[in-house]
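Subject: A structure for you to look at

Hi there,

Here is the structure I promised to hand over. Have a look at it first, and then read on for what turned up in it.

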Amino acid sequence: MAADSIAAAWHRAESALQRRPEMGLHDDAPATARWDQGLRVIASHANGTQVQTDMATELGGTGDRVTPGWLLRAGMASCTATRIAMAAAAQDIELTVLEVVTSSRSDLRGLLGMHESDGTPVPATPRDVQMHVRIGARGAPDERLRTLVEQSCECSPIARAVNDAVPVGLRIEIASR
């Protein structure tokens, strides 16, 4: 989609939501993950898109698919890049380069439910999550691009969910055997 189409869609949505803010709240498309075999899981979208995950061989997987943790980082990088591209189009900034790399460090002991020597549980969450944004645009001053990226990161839903540690509700249903 061309930048002018993206900008027009942005401005239409912004205008409609200013008039009727309640239109902004909506249910997101659910992701359904079904165990396949071993540690392989197939995540599906209602539109038919599927992504297979597996774990590294060191953890009992085949190592031939991406891990669920990688999907989190990929979602965060993609969501942030999308938000930057949308905002750039809305501000009439012509991007020439946009790349977002999201990395993190994790402690496998948390995944395994292990504890520190003092009895404290090791967190299962990724640690030290970092995003590196590489951006370039014709005729846009560096400071304007920095502001664009910073503001976009503040409005990127997945980055904010990770940063703000959104509580996750849990409902359990036991299947008949």
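Let's begin with contacts (heavy atoms within 4.5 Å). In the protein chain, 46% of the contacts with a separation of 6 or more are accounted for by residues 24 or more positions apart.

A word on the source: this is a predicted model, where local features need pLDDT of at least 70 and side-chain atom pairs count only at pLDDT 80 or more, while totals for chains, interfaces and linings use all residues. Residues are numbered from 1 along each chain as its sequence is written, and side-chain values use heavy atoms, with hydrogens and water left out.

Now the overall fold. The protein chain contains 5 helices and 5 strands; these are DSSP runs numbered from the N terminus, with helices being H or I of at least four residues and strands E of at least two. Their order along the sequence is α-β-β-β-α-β-α-β-α-α. The radius of gyration is 20 Å, well over the 16 Å from the globule rule for 177 residues, so the chain is more spread out than a compact globule. (That radius is taken over C-alpha atoms, and the rule is 2.2 Å times the number of residues to the power 0.38.) The C-alpha trace spans about 55 × 40 × 35 Å along its principal axes.

How many of the 177 residues count as buried? The share is 20%, where buried means under 20% relative accessible area, exposed over 50% and partly exposed in between, using a 1.4 Å probe and protein chains only.

Next, the salt bridges (a side-chain nitrogen of Lys or Arg within 4 Å of a carboxyl oxygen of Asp or Glu). The structure has 10 of them. One joins Arg138 and Glu94, with their closest N and O atoms 3.0 Å apart. Arg138 sits in the loop between strand 5 (127-137) and helix 4 (142-155), and Glu94 in the loop between helix 2 (68-90) and strand 4 (95-105), so the pair ties together parts 44 residues apart in sequence. Arg138 is exposed at 56%, whereas Glu94 is partly exposed at 45%.

Another pairs Asp107 with Arg127, at 3.7 Å between the closest N and O atoms. Asp107 lies in the loop between strand 4 and helix 3 (108-111) and Arg127 in strand 5, 20 residues apart. Here Asp107 is buried at 18% relative accessibility, while Arg127 is partly exposed at 33%.

Finally, salt bridges with shared partners connect Arg40, Asp54, Asp64 and Arg65 into one network.

Happy exploring!
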